[in-house]
There are 2 protein chains.
Amino acid sequence: MNTLAETRILHIPRPFKLESGDCLPELDIAYETYGEFRGDNAILIEHALSGDAHAAFYHAGENKPGWWDVMIGPGKAFDTDRYFIICSNCLGGCQGTTGPSSPDPATGRPYGLSFPPITIRDMADVQRALLADLGVERLVCVAGGSMGGMQALQFFCDYSTMCAAFICIASALKHSAQQIAFNEVGRRAIMADPRWNEGRYYADVPPEAGLSVARMIGHITYLSEKLMQEKFGRTRKDRHVPNIFRPSFEIEHYLDYQGIAFVKRFDANSYLYITNAIDNFDLITSISGTGRTRGEGRARGDIEDLRRKKGLVITFTSDWLYPPAQGREIVRFCNALHVHTSFTAINSEHGHDSFLTDTRTQSEYIRGFLNAI
Amino acid sequence: MNTLAETRILHIPRPFKLESGDCLPELDIAYETYGEFRGDNAILIEHALSGDAHAAFYHAGENKPGWWDVMIGPGKAFDTDRYFIICSNCLGGCQGTTGPSSPDPATGRPYGLSFPPITIRDMADVQRALLADLGVERLVCVAGGSMGGMQALQFFCDYSTMCAAFICIASALKHSAQQIAFNEVGRRAIMADPRWNEGRYYADVPPEAGLSVARMIGHITYLSEKLMQEKFGRTRKDRHVPNIFRPSFEIEHYLDYQGIAFVKRFDANSYLYITNAIDNFDLITSISGTGRTRGEGRARGDIEDLRRKKGLVITFTSDWLYPPAQGREIVRFCNALHVHTSFTAINSEHGHDSFLTDTRTQSEYIRGFLNAI
């Protein structure tokens with residue numbers, strides 16, 4: 001029998017201040033928890049761009065588990081027999097946490113582009129509010145992959161007094177020009193879709209064509225060139241002379257499918273806001289207080305607190321979107337802050353997706369790391 | 001004073017048979033020549049996806065030379081004091097040679113999607129027709145980069161009796177899944193643009209937004225990650241807190257500019273037809289007669305003829321779109337056909353664009369190769 005989980009919503013009826021100085025009049029946070037809370041055994045899991053609060057176990061009546069179920073559960077890397085695992089949908093998302101598709105209390109209509117710009121730090125602050133509500137005052141670890149790794153780093157640095165450790169997987173201290181470029185083309189594809197309509201599409205057909213193109217670009221970068229070649233090569237789905245304006249190669253059908261599947265579950269404006277937060281993320285300027293969007297007068301964890309902490313940076317050799325070199329930069333930066341940070345580049349052929357699919361070696365590293373905290 | 005050139009049009013008023021079996025009722029071929037024809041000194045230059053017949057010198061009144069002027073001219077790699085250089089716009093293009101934007105003689109209106117699918121072999125056949133008209137019966141060499149390299153290989157194999165050598169730069173025997181994927185996303189972006197209108201947009205505003213996105217994707221793949229980082233990094237164009245729906249980073253402005261510049265000079269349907277020809281290119285099945293679109297009953301150069309020929313394959317270390325490994329595949333294939341083929345991977349940081357920009361070392365190799373023929 002499958003272990004069940006459900007997404008709950010924490011409603012915060014008070015204004016929530018963002019790093020930009022803007023306020024959200026109220027806030028919903030969608031989250032799930034797995035395992036039993038015993039005061040000192042909490043781990044916060046952070047999801048990637050298209051993830052959600054449903055990280056593990058099964059929703060009643062569904063036969064597909066959460067997005068990181070391979071890593072979270074009894075006896076797994078994040079062992080729910082030992083740890084209390086929390087995962088929440090990120091701020092700006094579209095799976096229960098307040099985002100551009102949520103109703104603006106002032107109008108009753110979806111925010112759309114009147115939703116304020118958000119940052120990775122804002123996402124961390126929202127999670128801090130959730131932990132406060134749950135009565136979680138200390139974390140064994142904050143962990144995540146891709147954008148989840150950025151959130152993990154930001155949370156760890158901003159709330160250093162409550163974190164013993166971080167695990168940052170397949171991620172970066174900040175985006176390179178090429179990483180920004182891929183995101184920007186995705187955003188352009190969405191905004192080029194007339195159905196986007198400056199973000200006002202919620203009463204109408206959403207910009208599915210544009211969002212689908214954005215997702216297709218993403219999927220090219222998530223797979224290694226080698227795996228894509230082995231999996232699809234030049235195999236054709238049809239055996240006839242192709243209609244040149246319909247997909248013919250398997251890889252074309254795969255991307256087409258990924259695009260169509262994505263638009264059913266994701267909001268185009270969320271895609272714009274979240275990728276913008278990712279591109280603007282820059283941990284070094286953020287925690288040194290030189291960031292251009294840093295809010296004023298807010299207490300942050302003292303960097304001195306980091307001295308007693310531990311970090312684990314995991315990368316994958318075939319990940320060309322967040323290559324091991326960017327993981328090494330994280331390690332250098334964290335070690336300069338006197339966080340004892342380990343590094344591994346796991347041999348894997350799945351590209352960036354390895355953090356979701358290559359669980360064996362990854363689990364060993366994480367299990368060993370958590371045991372040593 | 002700049003050396004002048006002009007694009008001429010060869011009109012062929014007869015039906016032109018394509019590899020698919022389809023016929024074009026008539027054909028225009030736009031071409032330029034540089035240097036003086038002396039019977040045995042002709043070199044055919046092939047352009048890439050977005051190139052045209054204007055490879056070198058200046059058009060009257062213009063201050064920008066042809067796209068490969070750094071390589072073609074007196075004393076340059078393709079020395080116009082010695083060689084008679086010919087370059088024509090490819091079939092399916094939009095710079096003078098018949099393509100989907102050309103008028104269909106049957107209707108007087110642009111072909112649009114009634115233009116038949118074309119192949120790299122069709123492009124070679126069109127060039128053969130041009131050479132016949134020019135009275136060129138032998139070529140010292142056929143040469144090109146990127147898609148031009150594919151055309152060079154196809155022409156060399158199909159018309160082996162008239163070619164002494166080929167130079168194939170930054171290209172491949174056939175596209176990998178990832179290369180198809182990048183092209184497919186570009187095509188999807190164009191077709192997702194409602195202005196595309198199933199290819200019928202010539203009397204109206206063309207699908208500029210979609211074509212621009214396609215071009216932006218292309219430009220990401222043309223530059224090396226390292227060069228993009230050095231050139232743009234995370235530098236911002238504006239100094240204020242950005243409007244998140246307008247470009248802010250320099251790299252975003254760069255891509256935006258490239259997209260806008262491209263739609264002014266290129267036809268969206270040509271983009272679809274030509275990238276389709278590129279993705280379907282597969283030299284091995286093509287010359288072994290097992291290709292699915294191979295026409296029947298057509299005389300091709302005897303592969304035995306290749307034994308006395310020479311080839312040069314040039315790649316660039318930072319080119320991740322057509323990496324050196326694909327160049328090595330060309331060499332292995334050609335050497336198996338007993339073409340004496342040399343290989344070089346030139347150290348360069350410009351990525352795929354190196355074949356257009358890194359001229360010094362490339363010129364040395366080409367000059368030496370041509371001297372040895």
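Reader: Hi! Which strands does helix H1 of chain A lie across?
Author: Hello! In this predicted model, H1 (residues 120-134) of chain A lies across S1, S4 (27-34), S5 (42-46) and S8 (84-88) of chain A. H1 runs at about 65 degrees to S4(A).

Reader: And what does H11 of chain A lie across?
Author: Helix H11 (residues 360-372) of chain A lies across S9 (141-145), S10, S11 and S12 of chain A, at about 175 degrees to S11(A).

Reader: In what order do the strands of the sheet come?
Author: The order is S1-S4-S8-S5-S9-S10-S11-S12 in chain A, an open sheet of eight strands with mixed pairing. S1 (8-12) and S12 (340-346) of chain A each have a single partner strand, so one side of each has no neighbour in the sheet.

Reader: How do S10 and S11 of chain A pair?
Author: S10 (residues 165-169) and S11 (residues 310-316) of chain A pair in the parallel sense, over five bridges. A:Ile169 of chain A stands opposite A:Ile314 in S11(A).

Reader: Switching topic: how many residues of chain A are in contact with chain B?
Author: 40 residues of chain A are in contact with 40 residues of chain B. On the chain A side, H3(A) gives the most, with 11 residues.

Reader: Nice. How do the residues on that side of chain A divide into nonpolar, polar and charged?
Author: There are 25 nonpolar, seven polar and eight charged residues on the side of chain A that touches chain B.

Reader: And how can chain A be laid on chain B?
Author: By a turn of 180 degrees and a shift of 0.0 Å along the axis, with an RMSD of 0.0 Å. The two copies are thus related as by a two-fold rotation axis. 100% of the interface residues of chain A are also interface residues in chain B, so the copies meet through the same surface.

How values were computed:
Residues are numbered from 1 along each chain as its sequence is written. Chains are lettered from A and ligands numbered from 1 in the order in which they are written. This is a predicted model: local features need pLDDT of at least 70, side-chain atom pairs count only at pLDDT 80 or more; totals for chains, interfaces and linings use all residues. Two residues are in contact if their C-beta atoms, placed from the backbone, lie within 7 Å. Helices (H or I, at least four residues) and strands (E, at least two) are DSSP runs, numbered from the N terminus. Ala, Val, Leu, Ile, Met, Phe, Trp, Tyr, Cys and Pro count as nonpolar, Asp, Glu, Lys and Arg as charged, and the others, Gly among them, as polar. Copies are superposed by least squares on the C-alpha atoms of residues with pLDDT of at least 70 in both. Two strands pair if DSSP finds at least two bridges between them. Axes are lines fitted to C-alpha atoms, for helices over the stretch in contact, and angles run from 0 to 180 degrees between N-to-C directions.
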